[in-house]
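Biologist: I'd like to go through the labels on this one and hear what stands behind each. Can we start from the picture?

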Amino acid sequence: MRQLKGKTKETNKQKKERKKEFMENKQRVFTVVLPTVAAIFVIIAAYVYVKTRPKLVEY
């Protein structure tokens, strides 16, 4: 069978499914990526705090 040149038409079902997948991916950003980035930021901030705090001097 010959391939048609150009972009194929998208059916309404495919369009709805694509939009649904896009919304799921958008939701995944808020549930997975942002908490991970926040956790990494907290670890870096704690590391910097521990390394830069003044040392205790005992006489």
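Modeller: Here are the labels, each set against its cut-off.

Modeller: This is a predicted model, where local features need pLDDT of at least 70, side-chain atom pairs count only at pLDDT 80 or more, and totals for chains, interfaces and linings use all residues. Residues are numbered from 1 along each chain as its sequence is written, and side-chain values use heavy atoms, with hydrogens and water left out.

Biologist: What makes Glu 10 and Arg 18 a salt bridge?

Modeller: The closest N and O atoms of Glu 10 and Arg 18 are 2.8 Å apart. The rule asks for a side-chain nitrogen of Lys or Arg within 4 Å of a carboxyl oxygen of Asp or Glu, so the pair qualifies. The count by that rule is one salt bridge. Side chains of opposite charge can pair when their charged atoms come close.

Biologist: Why is Arg 18 called partly exposed?

Modeller: Arg 18 has 44% relative accessibility. Buried means under 20% relative accessible area, exposed over 50%, and partly exposed in between (1.4 Å probe, protein chains only), so Arg 18 is partly exposed. Glu 10, at 37%, is partly exposed too.

Biologist: And why is Lys 20 called exposed?

Modeller: Lys 20 has a relative accessible area of 54%, so Lys 20 counts as exposed. Lys 20 is in helix α1. Gly 6, in the segment before α1, is exposed at 64%.

Biologist: What bend does α1 have, and where?

Modeller: About 35°, at Val 29. The bend is the angle between axes fitted to the seven residues ending there and the seven starting there.

Biologist: Which residues does UniProt list as "transmembrane region"?

Modeller: Residues 29-50, in an unreviewed entry; such annotations may be inferred rather than shown by experiment. In the model that span is 100% helix and 0% strand, with its end C-alpha atoms 31 Å apart.

Note on methods: Helices (H or I, at least four residues) and strands (E, at least two) are DSSP runs, numbered from the N terminus.
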